[in-house]
Amino acid sequence: EEEEEEDEEEESIPGCTLFIKNLNFSTTEETLKEVFSKAGAVKSCTISKKKDKAGTLLSMGFGFVEYKKPEHAQKALKQLQGCSVDDHQLEVKISERAVKSAVTSTRKKQTSKKQKSSKILVRNIPFQATVREIRELFSTFGELKTVRLPKKMVGTGSHRGFGFVDFLTKQDAKRAFSALCHSTHLYGRRLVLEWADTEETVEALRRKTAEHFHDSPAKKKKTQSAMLEEILEKLEEEGDDEEGN
(Lines give C-alpha, C1' and ligand atoms only; values in the text may rest on other atoms or scores of the structure.)
Protein backbone atom coordinates (compact mmCIF):
# COMPACT_ATOMS: atom_id res chain seq x y z
CA GLU A 1 0.00 0.00 0.00
CA GLU A 2 2.78 2.37 0.91
CA GLU A 3 4.41 1.81 -2.44
CA GLU A 4 1.16 2.60 -4.21
CA GLU A 5 0.88 5.86 -2.31
CA GLU A 6 4.43 6.74 -3.25
CA ASP A 7 3.66 6.04 -6.87
CA GLU A 8 0.72 8.39 -6.78
CA GLU A 9 2.89 11.15 -5.39
CA GLU A 10 5.56 10.48 -7.99
CA GLU A 11 3.14 11.09 -10.82
CA SER A 12 3.47 14.82 -10.29
CA ILE A 13 7.29 14.88 -10.15
CA PRO A 14 8.59 16.57 -13.28
CA GLY A 15 11.72 15.37 -15.05
CA CYS A 16 11.24 11.61 -14.51
CA THR A 17 10.27 10.77 -18.07
CA LEU A 18 12.64 10.53 -21.03
CA PHE A 19 11.64 10.83 -24.67
CA ILE A 20 13.67 8.35 -26.78
CA LYS A 21 14.01 8.92 -30.53
CA ASN A 22 15.59 7.01 -33.45
CA LEU A 23 14.62 3.55 -32.16
CA ASN A 24 15.07 0.58 -34.46
CA PHE A 25 11.55 -0.50 -35.49
CA SER A 26 12.36 -4.01 -34.25
CA THR A 27 13.44 -2.84 -30.74
CA THR A 28 11.01 -4.09 -28.09
CA GLU A 29 9.89 -2.43 -24.86
CA GLU A 30 11.66 -5.22 -22.95
CA THR A 31 15.01 -4.41 -24.61
CA LEU A 32 14.53 -0.69 -24.04
CA LYS A 33 13.67 -1.24 -20.37
CA GLU A 34 16.71 -3.47 -19.91
CA VAL A 35 19.05 -0.82 -21.38
CA PHE A 36 17.58 2.09 -19.41
CA SER A 37 17.39 0.15 -16.11
CA LYS A 38 21.20 0.54 -15.94
CA ALA A 39 20.66 4.14 -14.81
CA GLY A 40 18.01 3.44 -12.15
CA ALA A 41 14.62 1.94 -11.34
CA VAL A 42 12.30 2.22 -14.35
CA LYS A 43 8.64 2.77 -13.54
CA SER A 44 7.30 2.30 -17.07
CA CYS A 45 8.53 1.90 -20.60
CA THR A 46 6.41 2.40 -23.73
CA ILE A 47 7.18 2.47 -27.43
CA SER A 48 4.64 4.45 -29.49
CA LYS A 49 2.93 2.24 -32.04
CA LYS A 50 0.52 2.58 -34.94
CA LYS A 51 -1.55 0.00 -36.84
CA ASP A 52 -0.76 -0.80 -40.46
CA LYS A 53 -3.47 -1.66 -43.01
CA ALA A 54 -3.49 -5.28 -41.87
CA GLY A 55 -4.07 -4.13 -38.28
CA THR A 56 -0.58 -5.11 -37.07
CA LEU A 57 0.96 -2.82 -34.48
CA LEU A 58 4.18 -1.27 -35.73
CA SER A 59 6.76 0.75 -33.80
CA MET A 60 6.85 4.45 -34.70
CA GLY A 61 10.56 4.67 -33.80
CA PHE A 62 10.16 6.61 -30.56
CA GLY A 63 9.08 5.94 -27.01
CA PHE A 64 9.05 7.01 -23.37
CA VAL A 65 10.92 5.70 -20.34
CA GLU A 66 9.70 6.87 -16.94
CA TYR A 67 11.95 6.58 -13.89
CA LYS A 68 10.86 6.59 -10.28
CA LYS A 69 13.29 9.41 -9.51
CA PRO A 70 14.26 12.46 -11.59
CA GLU A 71 17.97 12.03 -10.76
CA HIS A 72 17.89 8.63 -12.50
CA ALA A 73 16.42 10.26 -15.60
CA GLN A 74 19.24 12.83 -15.52
CA LYS A 75 21.81 10.04 -15.14
CA ALA A 76 20.33 8.15 -18.12
CA LEU A 77 20.31 11.36 -20.13
CA LYS A 78 24.07 11.67 -19.67
CA GLN A 79 25.06 7.99 -19.78
CA LEU A 80 22.79 6.67 -22.51
CA GLN A 81 22.72 9.63 -24.91
CA GLY A 82 23.73 8.27 -28.33
CA CYS A 83 24.05 4.68 -27.07
CA SER A 84 23.51 1.96 -29.65
CA VAL A 85 20.50 -0.33 -29.34
CA ASP A 86 19.86 -2.79 -32.18
CA ASP A 87 22.36 -0.83 -34.33
CA HIS A 88 20.53 2.46 -33.85
CA GLN A 89 22.04 5.43 -32.01
CA LEU A 90 19.40 6.72 -29.63
CA GLU A 91 18.49 10.36 -29.07
CA VAL A 92 17.46 10.99 -25.47
CA LYS A 93 15.61 14.06 -24.13
CA ILE A 94 13.65 14.92 -20.99
CA SER A 95 10.02 14.47 -22.03
CA GLU A 96 7.66 17.44 -22.32
CA ARG A 97 4.86 15.07 -21.38
CA ALA A 98 6.02 14.88 -17.77
CA VAL A 99 6.57 18.62 -17.59
CA LYS A 100 3.01 19.16 -18.79
CA SER A 101 1.56 17.02 -15.99
CA ALA A 102 3.47 19.14 -13.48
CA VAL A 103 2.08 22.28 -15.09
CA THR A 104 -1.40 20.81 -14.76
CA SER A 105 -0.95 20.39 -11.01
CA THR A 106 0.10 24.05 -10.65
CA ARG A 107 -2.95 24.99 -12.68
CA LYS A 108 -5.11 23.07 -10.24
CA LYS A 109 -3.65 25.23 -7.47
CA GLN A 110 -4.37 28.29 -9.57
CA THR A 111 -8.06 27.40 -9.84
CA SER A 112 -8.40 26.64 -6.14
CA LYS A 113 -8.78 30.35 -5.25
CA LYS A 114 -12.40 30.79 -4.19
CA GLN A 115 -14.86 32.50 -6.49
CA LYS A 116 -15.87 35.75 -4.83
CA SER A 117 -17.63 37.50 -7.68
CA SER A 118 -18.68 37.24 -11.31
CA LYS A 119 -15.45 38.94 -12.34
CA ILE A 120 -12.45 37.11 -13.80
CA LEU A 121 -8.94 38.53 -13.92
CA VAL A 122 -7.25 37.42 -17.17
CA ARG A 123 -3.46 37.63 -17.30
CA ASN A 124 -0.86 36.99 -20.03
CA ILE A 125 -3.05 38.53 -22.72
CA PRO A 126 -1.01 39.00 -25.92
CA PHE A 127 -0.62 42.68 -26.79
CA GLN A 128 -2.17 42.26 -30.24
CA ALA A 129 -5.42 40.96 -28.70
CA THR A 130 -8.33 43.42 -28.62
CA VAL A 131 -11.24 43.96 -26.23
CA ARG A 132 -13.54 42.64 -28.94
CA GLU A 133 -11.59 39.35 -29.23
CA ILE A 134 -11.64 38.82 -25.46
CA ARG A 135 -15.36 39.60 -25.42
CA GLU A 136 -16.04 37.09 -28.22
CA LEU A 137 -14.07 34.40 -26.39
CA PHE A 138 -15.95 34.81 -23.11
CA SER A 139 -19.43 35.77 -24.38
CA THR A 140 -20.09 32.19 -25.53
CA PHE A 141 -20.57 31.31 -21.84
CA GLY A 142 -23.13 33.96 -20.93
CA GLU A 143 -23.99 37.63 -20.89
CA LEU A 144 -21.13 39.98 -20.08
CA LYS A 145 -21.38 43.14 -18.00
CA THR A 146 -17.98 44.60 -18.93
CA VAL A 147 -14.69 43.68 -20.55
CA ARG A 148 -11.74 45.90 -19.69
CA LEU A 149 -8.12 45.87 -20.81
CA PRO A 150 -6.36 48.66 -18.87
CA LYS A 151 -4.08 50.70 -21.14
CA LYS A 152 -0.35 51.19 -20.58
CA MET A 153 0.12 54.88 -21.32
CA VAL A 154 -1.99 57.51 -23.00
CA GLY A 155 -1.54 57.57 -26.74
CA THR A 156 0.17 54.17 -27.10
CA GLY A 157 -3.04 52.24 -27.58
CA SER A 158 -1.50 49.06 -26.18
CA HIS A 159 -2.88 47.42 -23.05
CA ARG A 160 -0.95 46.10 -20.04
CA GLY A 161 -1.31 42.41 -20.77
CA PHE A 162 -4.13 41.77 -18.29
CA GLY A 163 -7.84 42.47 -18.23
CA PHE A 164 -11.12 41.99 -16.40
CA VAL A 165 -14.14 40.10 -17.67
CA ASP A 166 -17.29 40.64 -15.64
CA PHE A 167 -20.33 38.41 -16.21
CA LEU A 168 -23.91 39.20 -15.25
CA THR A 169 -24.16 36.03 -13.19
CA LYS A 170 -21.71 34.07 -11.04
CA GLN A 171 -22.85 30.81 -12.67
CA ASP A 172 -21.89 31.96 -16.18
CA ALA A 173 -18.56 33.24 -14.85
CA LYS A 174 -17.89 29.87 -13.22
CA ARG A 175 -18.73 28.02 -16.46
CA ALA A 176 -16.37 30.24 -18.46
CA PHE A 177 -13.65 29.92 -15.83
CA SER A 178 -13.70 26.13 -15.70
CA ALA A 179 -13.82 25.84 -19.49
CA LEU A 180 -11.02 28.31 -20.21
CA CYS A 181 -8.63 28.11 -17.27
CA HIS A 182 -6.73 24.99 -18.35
CA SER A 183 -5.41 25.59 -21.80
CA THR A 184 -6.76 28.53 -23.75
CA HIS A 185 -4.30 30.07 -26.16
CA LEU A 186 -4.60 33.39 -27.95
CA TYR A 187 -1.95 34.37 -30.50
CA GLY A 188 0.19 31.53 -29.13
CA ARG A 189 0.05 32.67 -25.49
CA ARG A 190 -1.78 30.75 -22.78
CA LEU A 191 -4.28 32.88 -20.90
CA VAL A 192 -3.99 32.69 -17.11
CA LEU A 193 -7.29 33.07 -15.28
CA GLU A 194 -7.86 34.04 -11.67
CA TRP A 195 -10.90 35.14 -9.75
CA ALA A 196 -10.74 38.89 -9.37
CA ASP A 197 -10.96 40.09 -5.78
CA THR A 198 -12.94 43.12 -4.72
CA GLU A 199 -12.60 46.50 -6.45
CA GLU A 200 -9.99 47.41 -3.85
CA THR A 201 -7.47 44.97 -5.29
CA VAL A 202 -8.21 46.14 -8.79
CA GLU A 203 -7.27 49.64 -7.65
CA ALA A 204 -4.18 48.29 -5.92
CA LEU A 205 -3.14 46.57 -9.14
CA ARG A 206 -3.60 49.81 -11.01
CA ARG A 207 -1.62 51.75 -8.38
CA LYS A 208 1.23 49.25 -8.55
CA THR A 209 1.35 49.61 -12.31
CA ALA A 210 1.20 53.40 -12.04
CA GLU A 211 4.07 53.39 -9.54
CA HIS A 212 6.04 51.14 -11.83
CA PHE A 213 5.58 53.47 -14.76
CA HIS A 214 5.99 56.82 -13.03
CA ASP A 215 8.55 55.69 -10.44
CA SER A 216 6.80 57.75 -7.80
CA PRO A 217 4.33 56.71 -5.09
CA ALA A 218 0.73 57.10 -6.11
CA LYS A 219 0.06 58.99 -2.88
CA LYS A 220 1.80 62.05 -4.29
CA LYS A 221 -0.52 64.09 -6.46
CA LYS A 222 -1.50 62.29 -9.60
CA THR A 223 0.50 63.15 -12.68
CA GLN A 224 -1.43 64.79 -15.46
CA SER A 225 -0.95 61.79 -17.74
CA ALA A 226 -2.35 59.43 -15.08
CA MET A 227 -5.46 61.60 -14.74
CA LEU A 228 -5.85 61.77 -18.49
CA GLU A 229 -5.40 58.02 -18.66
CA GLU A 230 -8.23 57.43 -16.21
CA ILE A 231 -10.58 59.77 -18.08
CA LEU A 232 -9.76 58.05 -21.36
CA GLU A 233 -10.24 54.65 -19.77
CA LYS A 234 -13.70 55.63 -18.50
CA LEU A 235 -14.68 56.92 -21.93
CA GLU A 236 -13.37 53.77 -23.46
CA GLU A 237 -15.36 51.58 -21.09
CA GLU A 238 -18.53 53.48 -21.92
CA GLY A 239 -17.75 52.96 -25.58
CA ASP A 240 -17.12 49.27 -24.98
CA ASP A 241 -20.40 48.91 -23.11
CA GLU A 242 -22.30 50.52 -25.97
CA GLU A 243 -20.57 48.13 -28.36
CA GLY A 244 -21.67 45.22 -26.20
CA ASN A 245 -25.34 46.21 -26.04
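**View 1. Threonine 146 meets its bridge partner in strand S9.** In this predicted model, threonine 146 is bridged to aspartate 166, which sits in S9. Their surroundings are an antiparallel pairing: S8 and S9 (residues 163-167) are joined over four bridges. As a friendly reminder, strands of a sheet pair through backbone hydrogen bonds, either parallel or antiparallel.

**View 2. The open sheet of four strands.** Which order do the strands take here? Reading across, you will find S8-S9-S7-S12, with antiparallel pairing. Strand S8 (144-148) and strand S12 (192-195) form the edges, and each of them pairs on one side only. On average, neighbouring strands of this sheet are turned by 20° against each other, with direction ignored.

**View 3. Helix H5 on the sheet.** Helix H5 (residues 131-139) packs on the sheet and touches strand S7 (119-123), S8, S9 and S12. If you follow the direction of H5, it makes about 145° with that of S8.

View 4. Which strands does helix H6 lie across? Helix H6 (residues 170-180) lies across S7, S9 and S12, and runs at about 150° to S12.

**View 5. Stepping back to the protein chain.** The secondary structure here comes to eight helices and 12 strands. Of the 245 residues in the chain, 36% are buried. The chain exposes about 15,200 Å², and carbon and sulfur atoms supply 51% of that area.

Methods
Residues are numbered from 1 along each chain as its sequence is written. This is a predicted model: local features need pLDDT of at least 70, side-chain atom pairs count only at pLDDT 80 or more; totals for chains, interfaces and linings use all residues. Side-chain values use heavy atoms; hydrogens and water are left out. Two strands pair if DSSP finds at least two bridges between them. Helices (H or I, at least four residues) and strands (E, at least two) are DSSP runs, numbered from the N terminus. Axes are lines fitted to C-alpha atoms, for helices over the stretch in contact, and angles run from 0 to 180 degrees between N-to-C directions. Contact means heavy atoms within 4.5 Å. Buried means under 20% relative accessible area, exposed over 50%, partly exposed in between (1.4 Å probe, protein chains only). Accessible areas come from the Shrake-Rupley method with a 1.4 Å probe; for residues, only the protein chains shown count as cover.
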